[in-house]
Structures are given as C-alpha cells and as structure tokens.
Amino acid sequence: KPRRPRRAADLPGPRTCARRRGCATMEGNLALKTPSLTRRLPALCAVMFCLGAGLEYVMCKTGFYNVTAVREGQRAAAEKAEEE
C-alpha cells in the first residue's frame, strides 16, 4: 500500500495537540515565542529604506525619470495639437 505524503494537519501542532491526550506543548526555551513588533520594527524600517534608496538609484541611473518626462511632454503636446 503506497504511503500518502504527510499534510500539515497530520502533524502535531498547537491545534491538534490540544485535541489529543498525551501530546504536550513545548515549554521553556523550546517554546515558540511570539515575535515582538517593537523589537523588529527598526530593522524592518532600515531594510525598507535601503530597498527604496536602491530602487531610486537604479531609476535615476537608467534614465527612467527622463524618459517619463519626455513621454508626458509628447502626450501633452499631442493633446494640445488635437484641440487646436
């Protein structure tokens, strides 16, 4: 008989352990700790700032803003020419 792969529902976890007898939750140093947002927020802000700065650097170096400004100018000139 082929074995079916184990699913997350089959593994003992906090939900299934509460239903079963003899399945203890982890305590002490082995317990899963809830992440502290106040502790991780400065690192998250620093990472997001660096990603944004890197994106701006790439956009400036590739001339994205110059190309966008030229296209917007062409579009405005075309609309103005159509009105006249």
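**Close-up views of a predicted model**

View 1. Leu37, Leu41, Leu44, Val47, Met48 and Leu51 make a nonpolar surface patch of about 600 Å². The structure shown here and in the other views is a predicted model. Leu51, one of the patch residues, is placed in helix α2. With a relative accessible area of 55%, Leu51 is exposed, because the cut-off for an exposed residue is over 50%.

**View 2. Helix α2 and the residue that follows.** Helix α2 spans residues 37-62, which gives 26 residues. From its first C-alpha to its last, α2 reaches 36 Å, close to the 38 Å expected at 1.5 Å a residue. How many of the 26 residues of α2 are buried? The count is zero, and the helix is hardly covered. Just after α2 comes Gly63, which takes a positive phi of about 80°.

**View 3. A salt bridge in helix α3.** A search of the whole structure finds one salt bridge. The side chains of Arg75 and Glu72 meet in a salt bridge, with a distance of 2.9 Å from N to O. Where do Arg75 and Glu72 stand in relation to each other in helix α3? Both belong to helix α3 (residues 64-83), and they are separated by about one helical turn because they are three residues apart. An α-helix has 3.6 residues a turn, so residues three or four places apart point the same way.

How values were computed: Residues are numbered from 1 along each chain as its sequence is written. This is a predicted model: local features need pLDDT of at least 70, side-chain atom pairs count only at pLDDT 80 or more; totals for chains, interfaces and linings use all residues. Side-chain values use heavy atoms; hydrogens and water are left out. Helices (H or I, at least four residues) and strands (E, at least two) are DSSP runs, numbered from the N terminus. The expected span of a helix is 1.5 Å times one less than its number of residues. Buried means under 20% relative accessible area, exposed over 50%, partly exposed in between (1.4 Å probe, protein chains only). A salt bridge is a side-chain nitrogen of Lys or Arg within 4 Å of a carboxyl oxygen of Asp or Glu. Patches are made of residues with over 30% relative accessible area and no salt bridge: like charges are joined within 9 Å, nonpolar side chains (Val, Leu, Ile, Met, Phe, Trp, Tyr) within 5 Å. Accessible areas come from the Shrake-Rupley method with a 1.4 Å probe; for residues, only the protein chains shown count as cover.
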